Amino acid sequence: MTAAIEDLLGPAAPYSWGFLDEQSKREIRRAILTAVAVPGYQVPFGSREMPVARGWGSGGLQVTLAIAGEADVVKVIDQGDDAGVNAVNLRRLIASTTGVATTTDAREATIVQTRHRVPEGPMRAGQVLVLQVPVPEPLRAVERGEAEQRQLHAEGDYARMWVSLYEDLVRHGVITCTTGYPCLVGGRYVIATSPIPRWDCPKLHQSEHLSVFGAGREKRIYAIPPHTDVEPLTFEDVPFEVERTPGAACVLCGAVEAYLVEVPGRGWVCSDTDWCARRRRAS
Amino acid sequence: MGYAAVKGGLEAVLAAEDLVRRLRVTDGSRWLEDDQLGGRLRLAVDRVQGEGGLWAPELAAAAIRQAEGDLIEAAQLVRSYRSTLPRLGYTPPVDADEIRVARRVVPAYRTPPGPQLLGRTLDYTGRLIDFSSEAAQRAAVRSNGPTAAVTGQNGDAQHPRRLLHLLRERDLLVERGDHSDPDPFDITRRPVTVPAPRSARLAVLALGETGALVNLWYQGIRGPNAYAHELTLGEVRTGTLPVRVTHPRTGRPVTVGRVGVTEIESIDDIRDGDPARFDAGYGLVLGHNERKAIAMAALDVAIERDRGRTPLEQSVLQTCDGLDASGFLEHLKLPHYVTFRSMIERKEAVRAAGERA
C-alpha cells in the first residue's frame with residue numbers, strides 16, 4: 001500500500017517535458033486559442049515565471065513550450081541571428097526541456113521564436129511565428145492608465161493614437177515611430193508589433209503563417225491568424241515608410257531588399273543570418 | 001538535423017557559463033552548506049522565500065548559493081521552479097490568530113492585551129560590528145548562558161489577542177470586510193488588473209520585492225506626491241502558521257506543516273471617510289521580514305484610501321515585483337541593434353524632412 005504512492009509519482013525528474021506542468025500548458029494554449037479567435041486582442045493570462053528573467057523572452061518561451069510537440073522543429077533567433085546570445089540560451093532551454101529538434105533553416109522550422117525580427121524569407125502555412133514582446137500595449141504612449149487603455153480598445157477608440165501620429169508628422173515632417181509600429185489587425189484592434197522594424201510589418205499582412213505574440217512580464221498573449229489584414233496606421237496621403245538607406249547593400253550576399261544592419265566601417269549586412277547564408281550558398 | 005550548430009554565440013555563452021560555475025565551485029573557501037545558509041543567513045533565506053513565493057528553506061538556500069548571494073536571482077530560481085509544480089489544490093484558509101508567536105510588539109499600547117515579546121530582534125541594539133573572533137564569540141555566549149525571557153505577561157503568550165479586537169469592541173474600527181470577494185484571487189493563475197480586489201492586492205504585495213515596497217512607501221512620505229501619513233502599528237508579529245490540506249477520505253483538515261510568517265496590522269486615519277473611526281491595513285509575508293510586511297500594510301491602507309483617485313494602485317501593483325523590474329532592467333544588456341538601426345534611420349528621415357522644408 002505504501003509503495004503505491006511512489007509508483008504513482010513515477011520516476012523522480014526535476015523538470016517535466018516542456019518545463020511547465022501540463023495544467024499550465026493547457027491554460028496557455030487556451031489563451032492562444034482565444035487570441036487566434038479574436039485577432040489583435042490582448043488576452044490576459046496567468047504568465048508563469050520561467051527559467052529566464054522577465055524581459056528576456058519569458059512570454060515567447062511560454063508560448064513555444066505550450067505548443068511544441070515531439071514532432072516540432074524549432075528555430076530561435078534574436079535580431080534575426082541564430083547565434084545571438086539570447087537565441088542561444090532560449091534554444092538550449094527549449095531543446096533540453098523538450099527534446100524537440102532545432103534548426104537554423106527557417107524553411108525547416110515548424111515554430112520560429114524570435115526577438116525583434118520576422119524571418120526575411122516568406123513563411124508558409126502551418127508555421128508558427130512566436131514573437132517575444134516587451135511592451136504589448138500600443139496605447140501606453142498616449143494613455144498611462146490600464147483601466148482606461150482597456151476601455152479604449154473595447155470601444156475601438158484610437159483617436160488619441162491618430163492625433164499623436166498627426167502631431168508627430170506636423171512637428172517632425174515624418175512619422176518618427178521606429179520599431180513596434182502600431183498596426184490595425186483585422187480592422188478591429190491596434191497592436192504593438194513586438195518591436196520588429198517597420199520593414200517586417202508588411203510580412204504580417206495576409207500572411208500564410210500564424211503569428212503569436214507573448215508578453216510574459218505583462219501577462220498578455222495576442223495573435224495574428226493567417227490571411228488577416230494588418231495595416232500600419234498612417235494617413236491616406238502619407239505612405240507608410242520602411243527602413244531604407246540609399247545605396248545600402250549586404251556586403252556578404254549583395255541583398256538590397258532585406259533588413260540591413262550597419263557594421264561601422266565595414267558597410268551593411270543582412271540581420272537575418274540564415275537567409276543571408278542561404279543566398280550566398282545559392283549563388 | 002538535431003541540435004542546431006550555431007557558431008560563435010553558443011561557444012561564447014558556454015564559456016561564460018563555465019567561468020561562473022568554475023569560479024564559484026573552485027573558490028578556495030569551504031562549500032556553503034544548506035544548513036549554514038539557513039542557520040546563519042536565515043533572513044536572506046526568508047527573503048528569498050517571500051519574494052520567490054514558495055516556502056522551501058532548503059531550496060531557497062541552494063538558490064542563494066547558486067546565485068552567489070544575489071537574492072533577486074535566487075528568488076528567480078525559486079519562482080521558476082515553482083512554475084513547474086502542478087497546482088493540485090488549495091489549502092483551506094487558516095485563521096491568522098493561530099499564529100504561534102516568536103516575537104510580538106504592539107507599538108500602539110504600553111500594555112496591550114497579550115505580551116510585548118521582543119524575541120529575536122536587533123531593533124534595540126547598537127549597530128556595532130563585532131570584531132571578536134568566532135572562538136571568542138562562542139565563548140562569550142557559553143559563559144553568559146541564555147538570558148531569561150522577559151515578557152510583560154498578559155494572557156496567552158503564544159496566541160495573544162489582537163489589538164484590532166480591542167478597537168472593534170470599542171467601535172473604533174471601520175468594517176472593511178468585503179463579501180463580494182469571497183475566494184482569494186490566485187495571482188499565479190490570473191493576471192492582476194487594476195482596480196484589483198483586495199485579495200489580489202495583498203497577494204501581489206506579499207510577493208513584492210522588499211526594497212521596492214519600502215521605496216513605494218517612502219515615496220508617500222517624501223516623494224513629489226507625498227500623502228505624508230504616519231501610521232501606528234497595532235501588531236508586529238513573527239511566528240509560524242499551520243498549513244492544512246483537506247484529507248481526501250475524511251474530508252477533515254489535516255495539518256501538514258508550518259510556514260514562517262511576519263504579520264503586521266497598521267492603524268490609520270480615514271481621510272474623507274468616517275472621522276470617528278480608524279482604518280486598518282494588513283501585511284503578511286512569508287518568513288521573517290518585518291520591513292516588507294510593514295510596507296505592505298502601509299501600502300494596503302494607502303491604496304484603499306486613494307480609491308483610484310491617483311495612479312497609486314497601478315504604480316504599486318504593477319511595479320513592486322522584483323523579478324519583473326530587475327529582469328526588464330537587465331534585458332537592456334541584450335542586443336538591440338535591429339531596433340537601433342531603425343531609430344537611426346528615423347533620425348536621418350527627420351533631418352532630411354527638415355532640409356526639404
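View 1. A residue counts as buried if 20 or more other C-beta atoms, placed from the backbone, lie within 10 Å of its own. At least three residues of this core come from each of domain 1 (22–232) and domain 2 (245–283) of chain A. The model is predicted, so that local features need pLDDT of at least 70 and side-chain atom pairs count only at pLDDT 80 or more, whereas totals for chains, interfaces and linings use all residues. Residues are numbered from 1 along each chain as its sequence is written, and chains are lettered from A in the order in which they are written.

**View 2. Surroundings of A:I221.** Apart from neighbours within four places in sequence, A:I221 is in contact with A:A31, A:I32, A:A35, A:V43, A:F45, A:V63, A:V212, A:F213 and A:G214, where contact requires C-beta atoms, placed from the backbone, to lie within 7 Å.

**View 3. Strand β2 of chain A and its partners.** Because 5 of the 6 residues of strand β2 (residues 73–78) of chain A are buried, this strand is largely enclosed by the rest of the structure; strands (E, at least two residues) and helices (H or I, at least four residues) are DSSP runs, numbered from the N terminus. Strand β4 (residues 111–115) of chain A runs parallel to β2(A) and is joined to it by 5 bridges, with A:Q113 in β4(A) as the bridge partner of A:V76. Strand β3 (residues 101–102) of chain A is also parallel to β2(A), through 2 bridges; pairing requires at least two DSSP bridges between the strands.

**View 4. The contact between chains A and B.** This contact takes 60 residues from chain A and 51 residues from chain B. On the side of chain B that touches chain A, α13(B) gives the largest share, 12 residues. That side of chain B is made up, by class, of 24 nonpolar, 16 polar and 11 charged residues, with Ala, Val, Leu, Ile, Met, Phe, Trp, Tyr, Cys and Pro counted as nonpolar, Asp, Glu, Lys and Arg as charged, and the others, Gly among them, as polar.

Methods. A residue is buried if 20 or more other C-beta atoms lie within 10 Å of its own, exposed if 12 or fewer, and partly exposed in between; C-beta atoms are placed from the backbone. Domain bounds come from an automatic or database domain assignment. Two residues are in contact if their C-beta atoms, placed from the backbone, lie within 7 Å.
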